[in-house]
Amino acid sequence: MNDTFCPIRSETRALDRLIKIAQADQYRIGPRKGTWALLVRDFNRDLTPAQLVVDPVLEPVDKVVWLILQHHARRAVTTLPRYPELARQANVTTCKTVSRAMAMLRCTRWLTICERNWGHRKRRRGNVYVLHATPFPVDDTMFLDPGYRDFVDLATRHGRKGIRAVARCVLAGWQDPSQSRPSG
């Protein structure tokens, strides 16, 4: 990231408060068997963003996964279906495809992972995700997801060439502040 300080937007701070409230509500309900993930939507309209449809970086399956997440997040906060269910709904054969699409959406900031929850014995309990109507600003992403920089660094060594290329482009954008979005 460049050395100039960009203040975190008030909308992002409000979103952070919503996430904490939603997470507290989920804890009150109690842990479900296995893991869960919470999906928070940071926009109010149910329209498909035109920017998503024409995004040259995303593959069709990435867009379909985003649309399925949006469908599940009709309310502001919802529980995210597990990968096998997402794969079935996206009409793909493997959970790896869903995982790759989620990684691409996170790398391009259409999706932010805000918190990883761990239970006793260091077992993963679930994650909190935010789905965005446009790619989220880098500084706001790093506020909600302090591990984003490490994720992008790791993504430069991802098994899929497309994710590696996008991650390298994101890192290059941090060195060149005029480049805020990876291009295809």
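The model described here is predicted.

In these terms, Thr-156 sits in the loop between α7 and α8 (161-175). Its relative accessible area is 14%, so Thr-156 is buried. Beyond its neighbours within four places in sequence, Thr-156 is in contact with Arg-164, Ala-167, Arg-168 and Leu-171.

Helix α7 itself spans residues 148-155. Its buried residues are Tyr-148, Phe-151, Val-152 and Ala-155. These cover an arc of only 95° around the axis and therefore lie on the same side of α7. The face turned away from this buried side carries the exposed residues Asp-150 and Leu-154. A salt bridge joins the side chains of Asp-153 and Arg-149, at 3.9 Å from N to O. Both residues belong to α7 and are four residues apart, about one turn of the helix. Asp-153 has 27% relative accessibility and so counts as partly exposed. Arg-149, at 26%, also counts as partly exposed.

Salt bridges also occur elsewhere. The search of the whole structure finds six. One of them pairs the side chains of Arg-100 and Asp-62, with an N to O distance of 2.4 Å. This pair links distant parts of the chain. Arg-100 counts as buried because its relative accessibility is 4%. Asp-62 is at 0% relative accessibility and therefore counts as buried. Under 20% is the cut-off for that class.

Glu-85 pairs with Arg-88, and the closest N and O atoms are 2.6 Å apart. The two residues are three apart in α4, so about one helical turn separates them. Glu-85 is partly exposed, because its relative accessibility is 28%. Arg-88 has a relative accessible area of 55% and is therefore exposed.

Helix α4 (residues 83-90) packs against helix α5 (residues 95-107). The angle is about 90°, and the axes are 8 Å apart. The two helices are therefore roughly perpendicular to each other. On the α4 side, the contact is made by Tyr-83, Pro-84, Leu-86 and Ala-87. On the α5 side, Cys-95, Val-98, Ser-99 and Met-102 take part. By class, this contact has seven nonpolar residues, one polar residue and no charged residues.

Two loop residues stand out by their backbone geometry. Most residues other than glycine have a negative phi. Asn-91 has a positive phi, near 60°, and is not a glycine. Asn-91 is in the loop between α4 and α5. Its relative accessibility is 72%, so Asn-91 counts as exposed. Arg-109 also has a positive phi in a residue other than glycine, here near 70°. Arg-109 is in the loop between α5 and β3 (111-118). With a relative accessible area of 4%, Arg-109 is therefore buried.

Another loop residue is Ala-133, located between β4 (124-131) and α6 (138-144). Ala-133 counts as buried because its relative accessibility is 9%. Ala-133 and Leu-47 are 86 residues apart in sequence. In space, their C-alpha atoms are 9.1 Å apart.

Terms used:
Residues are numbered from 1 along each chain as its sequence is written. This is a predicted model: local features need pLDDT of at least 70, side-chain atom pairs count only at pLDDT 80 or more; totals for chains, interfaces and linings use all residues. Side-chain values use heavy atoms; hydrogens and water are left out. Axes are lines fitted to C-alpha atoms, for helices over the stretch in contact, and angles run from 0 to 180 degrees between N-to-C directions. Angles under 35 degrees count as roughly parallel, over 145 as roughly antiparallel, 65 to 115 as roughly perpendicular and the rest as oblique. Contact means heavy atoms within 4.5 Å. Ala, Val, Leu, Ile, Met, Phe, Trp, Tyr, Cys and Pro count as nonpolar, Asp, Glu, Lys and Arg as charged, and the others, Gly among them, as polar. Buried means under 20% relative accessible area, exposed over 50%, partly exposed in between (1.4 Å probe, protein chains only). The arc is that of the directions from the helix axis to the C-beta atoms. A salt bridge is a side-chain nitrogen of Lys or Arg within 4 Å of a carboxyl oxygen of Asp or Glu.
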